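Visitor: I am new to protein structures, and I would like to go through this one by asking questions. Could you take me through it step by step?

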Amino acid sequence: MFRRSIYKTPAQLRAMVEPGLITAASVDAAGAAIAAGVTTAAVDEAASSAVLARGAESNFKLVRGYHHTTCISVNEQVVHGIPGSRVLEPGDIVSVDSGAQYQGWNGDSARTFIVPDPSRPDLVAARSELSRVTEGSMWAGIAAMASARHLGDIGAAIQDYIEAQGEYGILREYVGHGIGRKMHEAPSVFNYRTPDLGAEVKPGLVLAIEPMVTAGSDQTFVEDDDWTVSTVDGSDGSHWEHSVAVHADGIWVLTVADGGAAGLAPFNVTPTPIP
Ligand code: MG
Ligand code: MG
């Protein structure tokens with residue numbers, strides 16, 4: 001059986017720039033739509049419009065049995081929440097995961113948003129902190145890609161970052177992945193230390209780095225809708241994700257307009273545009 005290399009050519013990396021930017025625009029649109037009183041279906045619609053307006057298609061809709069542009073996971077839901085009639089409330093922590101396929105190449109990205117609630121500053125602060133830790137661990141993992149020799153270095157960087165922040169759960173059943181012609185490709189990218197070194201990190205590798213973190217236990221279950229992944233202990237979840245390319249001159253984050261410059265600055269890593 002033919003197995004496609006996990007390492008892409010420079011031309012293939014360049015082809016992933018546009019779907020990355022379209023994916024970023026869809027998450028931007030979803031984030032802008034999030035507010036108290038808005039349904040998660042309306043947030044999904046905003047992301048969908050952004051994808052279609054740019055001549056792309058939703059790659060989530062290419063996943064068998066899934067019919068939405070995004071996954072929207074609220075409060076104790078960590079990932080794979082289905083958009084629908086649920087109305088967002090003040091103080092909700094909302095993770096939006098979206099993706100676009102454009103001219104045969106894919107982007108995949110997730111961010112966590114907090115619905116403002118001036119009446120509950122402690123709740124908002126705690127949920128903002130969970131999101132900050134999750135986002136920071138994603139950037140730590142991305143920063144590690146700039147110097148990592150093997151995939152295992154990335155998972156270790158993510159785990160170390162989270163453990164330095166306090167007591168959090170790191171989901172183990174769900175992991176990051178390669179991305180390219182398909183949204184989900186080899187290799188798997190663990191968000192924690194593993195006994196194996198993993199594949200070599202070298203030019204041509206494109207990975208979706210996506211830590212999924214809880215404010216409590218790492219134990220989750222799949223709800224009766226057969227998709228939504230929620231915490232067993234009811235603690236809040238957060239999910240951040242970017243698609244990242246390793247190329248001859250460095251790394252470039254495909255799913256944010258600045259290539260990751262702002263997120264990587266605290267780690268003293270400067271992204272380099274794909275030549
Ligand atoms: Mg995703
Ligand atoms: Mg992904």
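Guide: Before the helices come up, one definition is needed: an axis is a line fitted to C-alpha atoms, for helices over the stretch in contact, and the angle between two axes runs from 0 to 180 degrees between N-to-C directions. Please also keep in mind that this is a predicted model.

Visitor: At what angle do helix α2 and helix α3 pack, and how far apart are their axes?

Guide: Helix α2 covers residues 17-33 and helix α3 covers residues 40-53. An angle over 145 degrees counts as roughly antiparallel, and α2 and α3 are therefore roughly antiparallel to each other. The crossing of the two is right-handed. The values asked for are an angle of about 150 degrees and an axis separation of 8 Å.

Visitor: How do the residues of the contact of α2 with α3 divide into nonpolar, polar and charged?

Guide: On the α2 side the contact holds Ile22, Ala25, Ser26, Ala29, Ala30 and Ala33, and these meet Val43, Ala46, Ala47, Ala50 and Val51 in α3. Sorted by kind, the residues of this contact come to 10 nonpolar, 1 polar and no charged.

Visitor: How do helix α4 and helix α5 pack, and how do the residues of their contact divide?

Guide: Helix α4 (residues 121-145) and helix α5 (residues 151-165) pack at an angle of about 150 degrees, with their axes 8 Å apart, and that angle makes α4 roughly antiparallel to α5. The contact is made by residues of both helices, including Arg132, Val133 and Gly136 of α4 and Asp153, Ile154 and Ala157 of α5. The division of the contact residues is 9 nonpolar, 4 polar and 2 charged.

Visitor: Which residues coordinate the magnesium ion (ligand 1)?

Guide: The donors of this ion follow the spacing D-x10-D-x132-E along the chain, and they lie at 2.0 to 2.6 Å. Asp97 lies in strand β4 (residues 93-102) and Glu241 in the loop between β13 and β14, so this pair ties together parts that are 144 residues apart in sequence. Asp97 is buried, and so is Glu241. The coordinating residues of ligand 1 are Asp97, which is listed with two OD donors, Asp108 and Glu241.

Visitor: Which protein residues are donors to the magnesium ion (ligand 2)?

Guide: Along the sequence the donor residues of this ion are spaced D-x68-H-x32-E-x30-E. Two of them link distant parts of the chain, since Asp108 is in strand β5 (residues 105-114) and Glu241 is in the loop between β13 (237-239) and β14 (242-247), 133 residues apart. The donors lie 2.1 to 2.3 Å from the ion, and they are Asp108, His177, Glu210 and Glu241.

Visitor: How far apart are the two magnesium ions?

Guide: Asp108 coordinates both ions. Asp108 itself counts as buried, at 3% relative accessibility, and Glu241 is buried too, with a relative accessible area of 0%. The distance between ligand 2 and ligand 1 is 3.2 Å.

Visitor: Is Phe113 buried or exposed?

Guide: Phe113 is found in strand β5. Leaving out residues up to four places away in sequence, Phe113 touches Val27, Gly31, Ile34, Asp92, Ile93, Val94 and Val96, and although Ile34 is 79 residues away in sequence, the two C-alpha atoms are 7.9 Å apart in space. The cut-off for a buried residue is under 20% relative accessible area, so with its 18% Phe113 is buried.

Visitor: Which residues is Val189 in contact with, leaving aside its neighbours within four places in sequence?

Guide: Val189 lies in strand β8 (residues 185-189), and at 2% relative accessibility this residue counts as buried. Its contacts beyond those neighbours are Ile154, Val175, Gly176, His177, Leu207 and Ile209.

Visitor: Which peptide bond is cis?

Guide: Pro187 is found in strand β8. The bond has omega near 0 degrees, and it runs from Ala186 to Pro187.

Visitor: Are Asn75 and Asp226, each with a positive phi, buried or exposed?

Guide: Asn75 has a phi of about 60 degrees although it is not a glycine, and its place is in the loop between β2 (70-74) and β3 (77-79). Asp226, with phi near 70 degrees, lies in the loop between β11 (220-222) and β12 (229-231). At 10% relative accessibility Asn75 counts as buried, whereas Asp226, with a relative accessible area of 63%, is exposed.

Definitions and conventions. Residues numbered from 1 in each chain as written. Chains lettered and ligands numbered in written order. Predicted model: local features only at pLDDT ≥ 70, side-chain atom pairs only at ≥ 80, totals over all residues. Heavy atoms only, no water. Donors = N, O, S within 2.8 Å, 3.2 Å for Na, K, Ca; no water. Helix = DSSP H or I, 4+ residues; strand = E, 2+ residues; numbered from the N terminus. Buried < 20%, exposed > 50% of the residue type's maximum accessible area, 1.4 Å probe, protein only. Parallel < 35°, antiparallel > 145°, perpendicular 65-115°, else oblique. Contact = heavy atoms within 4.5 Å. Nonpolar A, V, L, I, M, F, W, Y, C, P; charged D, E, K, R; others polar. Left-handed = near helix turned anticlockwise from the far one by under 90°.
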